[in-house]
Amino acid sequence: MSKTGAGNPSRPGSWRQGLQLIEIKSRREVERMRQAGRVVAQVLQEIAERLEPGWTTADIDAYAERRVAELNALPSFKGYYGFPACVCVSINHEVVHGIPSPHKVVQPGDIVKVDLGAMVEGWHADSCITIGLEPLSEAARDLIDTAAQALQVGIAHVRHGVWLQDVSGAIEDYIQGRGYSVVKQYVGHGVGRNLHEEPQFPHYRTPELPNPKLRAGMTLAIEPMVTAGGEATRVLPDRWTVVTVDGSWSAQFEHTILVTESGAEILTDRTPFQS
């Protein structure tokens, strides 16, 4: 779930750069986040393998909520600022924060973004995938691939001592180099004890947000949103669902990562759960 930033109270293990207070997680705290990340990864992989035309977005939400409970975790999103569901489900031109509905049916050819957060013993992990329903157009397939690769490009640039916006710039360059746009109204974020923490993590270069150096022990949700048209978005009357202004389709992938001395550990890696 994307955000434009949130504050965080001072605590041991925090690191301040300018006005930003960024948590450095302990080994114990990281292990709780690994557990939450494994829950998120497993449930998203199960949804990716099972989703088919005829499911409603409410069906996706019900499946996710049941599986999160069975895996001894709590949903991070339900009730968060009043959000009514366990997952955000956004289809085609819907960019992010779509509210699940029993009246919204997944159709052949759709691209479906499923965003899930889970909490284990007070610690969160957050991830999003885009699922393409066959028969998928080549344009939709390329859009999905661009979003997936943009996230991997960003993660590949993460390591201790790197400026955050060096990662942002690498993501932006890749997306624009493929002929797509980066959504700028919603950004990634720190994650841990709170679903949204400092720092804000734009997927583009900007002087309007802080640019801290990454430090080992930071945990971040990186989540580039890619559109086939313009970057402009608007919020629907439900006050949650974000859509592209021009109606172009969008795709998104997100991982929660741990910054390490030499790179990044993906805490929401789905690979172990792929069949």
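1. The model is predicted: local features need pLDDT of at least 70, side-chain atom pairs count only at pLDDT 80 or more, and totals for chains, interfaces and linings use all residues. Residues are numbered from 1 along each chain as its sequence is written, and side-chain values use heavy atoms, with hydrogens and water left out.

2. An open sheet is formed by five strands in the order 10-9-11-16-17, with antiparallel pairing. Strands (E, at least two residues) and helices (H or I, at least four) are DSSP runs numbered from the N terminus; two strands pair if DSSP finds at least two bridges between them. Strand 10 (197–201) and strand 17 (264–266) each have a single partner strand and stand at the edges, so one side of each lacks a neighbour in the sheet.

3. Strand 16 (residues 255–259) runs antiparallel to strand 17 and is joined to it by three bridges. Leu258 stands opposite Glu265 in strand 17.

4. Helix 4 (residues 164–177) lies across strand 10 and strand 11 (219–222), at about 40° to strand 10. Axes are lines fitted to C-alpha atoms, for helices over the stretch in contact, and angles run from 0 to 180 degrees between N-to-C directions. Contact means heavy atoms within 4.5 Å.

5. Glu94 belongs to strand 5 (residues 94–96). Glu94 is buried, with a relative accessible area of 8%; buried means under 20% (1.4 Å probe, protein chains only). Not counting residues up to four places away in sequence, Glu94 touches several residues, including Val89, Lys113 and Ser250.

Terms used: Buried < 20%, exposed > 50% of the residue type's maximum accessible area, 1.4 Å probe, protein only.
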